[in-house]
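Please take a look at the structure below. The briefing that follows goes through some of its residues and helices, topic by topic.

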Amino acid sequence: MTLRRGFKAEAEREAARVRRELGLAPHDRLDPRELARHLGLAIVDAADLVTMSELEELERLQSFSFSAATFEIQNRKIIVVSPLRSVGRQNSDLAHELSHVMLKHDLSEIKELDGMPFRTCRPDEEEEATAFGGTLLLPRPLLLSAARRRASVEQIANDYDVTVEMARFRYSTTGVAKQALNHS
Ligand SMILES: [Zn+2]
């Protein structure tokens, strides 16, 4: 599946806009928990809803079956996040969930997790949320400044609290390495 034409550029513009709202510079680290507060969304640790041993049992039965999900309870959106993930992974999961909300995706499909219903989106919306989530955490100007100071993918992941996979993906698909070379 491919993103619709113009989506990536829109995502960069929207990421820049929300950073201005948060008072962040284009190259600053964005904390998705702060963005959630700004948007009026609550983030709940899954361990506050079920026991840690239940979460571990679910993980044992099916690895990575649950990382984060968005619920709507009495018109209030709540993101539940698994404490079993690394900080970087939690940040990308939270950015993904916030993206669904910001892109006004219809949380249509209902799935169940340990008897608890939660909603997932259509495959094209999943792809949009992942792409926008990555753009929120690592927008192009941030990557460009990192490329100019010759930061490695691992350093970017470490500096901005994201996974190495996300840093590598954004670094390679935005073409910033090439652009930084051309201008140095
Ligand atoms: Zn999703």
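Ala177 counts as partly exposed, with 16 C-beta neighbours inside 10 Å. This residue sits in helix α9. Keep in mind that the model is predicted.

- Ala177 touches Ala147 and Tyr171, not counting residues up to four places away in sequence.
- Ala177 and Leu143 are 34 residues apart in sequence. In space, their C-alpha atoms are 8.5 Å apart.
- Leu181 is also found in helix α9.
- Is Leu181 buried or exposed? Leu181 counts as exposed, because it has 10 C-beta neighbours inside 10 Å, and 12 or fewer is the cut-off for that class.
- Leu181 pairs a sequence gap of 33 residues to Arg148 with a C-alpha to C-alpha distance of 7.7 Å.

**Helix α6 and its buried face**

- Helix α6 covers residues 140-148.
- Which residues of α6 are buried? They are Arg140, Leu142, Leu143, Ala146 and Ala147.
- Look down the axis of α6: the buried residues fall within an arc of 160 degrees, so they line one face of the helix.

- Thr174 lies in the loop between α8 (164-173) and α9 (176-183).
- Thr174 is in contact with Arg140 and Leu143, leaving aside neighbours within four places in sequence. Both Arg140 and Leu143 belong to the buried set of α6.
- Ala46 is 128 residues from Thr174 in sequence. The C-alpha atoms of these two residues are 34 Å apart.

**Two residues with positive phi**

- As a general rule, most residues other than glycine have a negative phi.
- Arg150 is not a glycine, yet it has a positive phi of about 55 degrees. This residue follows α6.
- Where is Arg150 found? Arg150 is in the loop between α6 and α7 (153-159).
- Arg150 is exposed, with 10 other C-beta atoms within 10 Å.
- Lys104 is not a glycine either, and its phi is positive, about 55 degrees.
- The place of Lys104 is in the loop between α4 and β4 (109-113).
- Lys104 counts as exposed, with 7 C-beta neighbours inside 10 Å.

**Where α4 meets α5**

- Helix α4 spans residues 87-102, and helix α5 spans residues 123-137.
- The axes of α4 and α5 come within 7 Å. They cross at roughly 120 degrees.
- α4 passes α5 in a right-handed crossing.
- On the α4 side, the contact residues are Asn91, Ser92, Ala95, His96, Ser99 and His100. On the α5 side, they are Glu125, Ala129, Thr130, Phe132, Gly133, Leu136 and Leu137.
- By class, this contact of α4 with α5 has five nonpolar, seven polar and one charged residues.

**Where α1 meets α5**

- The axes of α1 and α5 come within 9 Å and cross at roughly 45 degrees.
- α1 and α5 are therefore oblique to each other.
- The crossing of α1 and α5 is right-handed.
- Phe7, Lys8, Ala11, Glu12, Ala15 and Val18 make the contact from α1. Glu128, Ala131, Phe132, Thr135 and Leu136 make it from α5.
- Which classes of residue make up the contact of α1 with α5? There are seven nonpolar, one polar and three charged residues.
- Phe132 and Leu136 of α5 take part in the contact with α1 and in the contact with α4.

**Asp31, between α1 and α2**

- Asp31 has its place in the loop between α1 (7-21) and α2 (32-38).
- Asp31 is partly exposed, with 16 other C-beta atoms within 10 Å.
- Asp31 and Leu49 are 18 residues apart along the chain. Their C-alpha atoms are separated by 23 Å.

Terms used
Residues are numbered from 1 along each chain as its sequence is written. This is a predicted model: local features need pLDDT of at least 70, side-chain atom pairs count only at pLDDT 80 or more; totals for chains, interfaces and linings use all residues. Axes are lines fitted to C-alpha atoms, for helices over the stretch in contact, and angles run from 0 to 180 degrees between N-to-C directions. Helices (H or I, at least four residues) and strands (E, at least two) are DSSP runs, numbered from the N terminus. A crossing is left-handed if the near helix is turned anticlockwise from the far one by less than a right angle, and right-handed if clockwise. Two residues are in contact if their C-beta atoms, placed from the backbone, lie within 7 Å. Ala, Val, Leu, Ile, Met, Phe, Trp, Tyr, Cys and Pro count as nonpolar, Asp, Glu, Lys and Arg as charged, and the others, Gly among them, as polar. A residue is buried if 20 or more other C-beta atoms lie within 10 Å of its own, exposed if 12 or fewer, and partly exposed in between; C-beta atoms are placed from the backbone. The arc is that of the directions from the helix axis to the C-beta atoms. Angles under 35 degrees count as roughly parallel, over 145 as roughly antiparallel, 65 to 115 as roughly perpendicular and the rest as oblique.
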